[in-house]
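Hi there,

Here is the structure I promised to pass on. Have a look at it first, and my notes follow below.

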Amino acid sequence: MGRKISSYKKGLRQRTRVILLVVIMFVIVMSIAYRRLSEKSAALQKEEAQLEQQIEKAKDKKQELKDKKEYIKTKEFIEKTARVKFGLFYPDEYVVRPSN
């Protein structure tokens with residue numbers, strides 16, 4: 001009977017070692033997977049921040065274009081363009097140019 005108990009204890013120790021080895025391997029695999037996922041998460045957060053920045057720039061550009069579109073419709077823009085590009089002026093105006 002003493003033999004049965006010692007062989008039972010021996011088998012129990014071996015099973016315990018195997019289970020412990022499996023648990024350790026599982027912990028190692030999970031820690032590697034966690035590390036990879038956290039690195040990927042950091043990269044995605046960085047990319048998200050860049051995309052949000054691009055969105056803000058696009059919104060600003062859109063607003064600039066809207067403002068320019070409204071300015072183009074004004075009388076001030078039309079007069080300025082006529083003076084600069086075409087050299088036009090009102091009939092009661094005199095153009096004074098500096099001599100060279």
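**What turned up**

UniProt, in an unreviewed entry, places a "transmembrane region" at residues 18-37; UniProt positions are in the numbering used here, feature names are shortened, and annotations may be inferred rather than shown by experiment. In the model, this span is 100% helix and 0% strand, and its end C-alpha atoms are 28 Å apart. Helices (H or I, at least four residues) and strands (E, at least two) are DSSP runs, numbered from the N terminus.

Before going further, please note that this is a predicted model, in which local features need pLDDT of at least 70 and side-chain atom pairs count only at pLDDT 80 or more, while totals for chains, interfaces and linings use all residues. Residues are numbered from 1 along each chain as its sequence is written, and side-chain values use heavy atoms, leaving out hydrogens and water.

Searching the whole structure gives two salt bridges (a side-chain nitrogen of Lys or Arg within 4 Å of a carboxyl oxygen of Asp or Glu).

One of them joins Arg35 and Glu39, with 3.5 Å between the closest N and O atoms. These two are about one helical turn apart, because they sit four residues from each other in helix H1 (residues 2-72). Arg35 is exposed at 57% relative accessible area, and Glu39 is partly exposed at 46% (buried is under 20%, exposed over 50%, partly exposed in between, with a 1.4 Å probe and protein chains only).

Glu70 and Lys73 form a salt bridge too, at 3.9 Å from N to O. Here Glu70 is partly exposed at 48% relative accessible area, and Lys73 is exposed at 55%.

Best wishes
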